[in-house]
Amino acid sequence: MKYLSSAILSTVGVVAVSFSTGAANAASFSYGDLIISTGALSGAASINFANGTGWSGNYNLVNGSVVNQYANPLGNVGPYSATEPTGASIPGLNSGSATYTFSAPVSSFAFLWGSIDPGNSITINYNDAPSDTITGALIASQLGLTADGSWTSPTSNAVLTFADDALDKAITSITFQSSTIAFEVAPVPVPVPAIVPGIALAAAFFGGKAIKRNKKASDSVA
């Protein structure tokens with residue numbers, strides 16, 4: 001649930017840390033076929049929030065904040081997505097799940113997850129494996145964030161990267177759902193002061209996962 005007042009929220013930049021910084025507040029964890037990390041990995045695909053291209057289902061592209069409807073993610077300027085719970089009766093808004101499909105499969109993508117709620121969930125769909133579904137509660141517990149729906153706390157609004165652990169361009173689409181008002185996602189803020197390109201380190205990190213996956217596959221064949 002979003003607790004909004006009618007006061008205007010001043011724009012505050014969100015500081016994100018990429019894989020290569022080695023900073024103490026960078027975090028990542030493995031889940032299914034994914035590596036999920038705070039910060040934006042250089043080269044990660046982006047989501048189109050400017051218009052409906054790529055979107056399907058009950059999506060809403062909005063601006064600003066409206067009391068008890070949606071809250072602009074901390075640090076965001078411009079349009080973003082607000083997914084409302086199934087059955088919610090909010091004038092002018094769709095309710096239910098929303099899906100974003102990439103124009104071509106990608107290895108990773110990044111976005112700003114606003115006012116993280118335990119009931120927010122994201123499903124990553126692949127062209128070569130079963131889908132993975134991650135909740136706001138899990139994200140918060142694994143990455144040191146807070147799933148309390150706050151639209152003003154830096155620990156409840158975070159830039160995240162979701163990457164296929166084999167980096168083999170297998171991610172085709174993302175489905176957003178929420179049991180509470182609402183699930184807000186926005187573009188990665190530009191510029192993001194603490195980001196340093198991390199391709200070399202990320203390649204080594206994910207490459208190890210790929211080797212592990214391939215070894216498991218060869219072992220099972222043997």
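Me: What is the strand order in the open sheet of five strands?
Reply: In this predicted model, the order of that open sheet is β3-β6-β11-β8-β9, and the pairing is antiparallel.

Me: Which are its edge strands?
Reply: They are β3 (55-57) and β9 (132-135), each of which pairs on one side only.

Me: And by how many degrees are neighbouring strands of this sheet turned against each other on average?
Reply: The average is 25 degrees, with direction ignored.

Me: How many bridges pair β8 with β9?
Reply: Strand β8 (residues 120-126) is joined to β9 by four bridges, in the antiparallel sense. Within that pairing, Ser 121 has Thr 135 of β9 as its bridge partner.

Me: Which strands does α1 lie across here?
Reply: Helix α1 lies across β8 and β9, and it runs at about 75 degrees to β9.

Me: Turning to the open sheet of seven strands, what is the order there?
Reply: The order is β1-β2-β10-β7-β12-β5-β4, again an open sheet with antiparallel pairing. At its edges stand β1 (28-31) and β4 (61-62); each has a single partner strand, so one side of each lacks a neighbour in the sheet.

Me: Which strands of it does α1 touch?
Reply: Helix α1 (residues 136-143) packs on this sheet through β1, β2 (34-38), β7 (108-114) and β10 (158-164). The direction of α1 makes about 135 degrees with that of β1.

Me: What joins β5 to β12?
Reply: Three bridges do, between residues 80-83 of β5 and residues 183-186 of β12, and the two strands run antiparallel. Ser 81, for instance, has Val 185 in β12 as its bridge partner.

Me: Now the rings. How many aromatic pairs does the structure hold?
Reply: There are 14 aromatic pairs. One of them is Phe 109 with Phe 162, which is stacked, at 5.2 Å centre to centre with 10 degrees between the planes.

Me: What does that pair tie together?
Reply: Phe 109 belongs to strand β7 and Phe 162 to strand β10, so the contact ties together parts 53 residues apart in sequence.

Me: Is Phe 109 buried or exposed?
Reply: Phe 109 is buried, at a relative accessible area of 0%. Phe 162 is likewise buried, at 0%.

Me: What about Phe 111 and Phe 162, how far apart are they centre to centre?
Reply: Their centres are 5.4 Å apart, and the pair is stacked with 25 degrees between the planes. Phe 111 lies in β7 and Phe 162 in β10, so this pair ties together parts 51 residues apart in sequence. Phe 111 counts as buried, at 0% relative accessibility.

Me: Which residues do ring pairs link into a cluster?
Reply: The cluster consists of Phe 49, Trp 55, Tyr 59, Tyr 100, Phe 102, Phe 109, Phe 111, Trp 113, Phe 162, Phe 176 and Phe 183.

Conventions
Residues numbered from 1 in each chain as written. Predicted model: local features only at pLDDT ≥ 70, side-chain atom pairs only at ≥ 80, totals over all residues. Heavy atoms only, no water. Pairing = 2+ DSSP bridges. Contact = heavy atoms within 4.5 Å. Axes fitted to C-alpha atoms, helices over the stretch in contact; angles between N-to-C directions. Phe/Tyr/Trp six-rings, centres within 6.5 Å; stacked < 30°, edge-to-face > 60°. Buried < 20%, exposed > 50% of the residue type's maximum accessible area, 1.4 Å probe, protein only.
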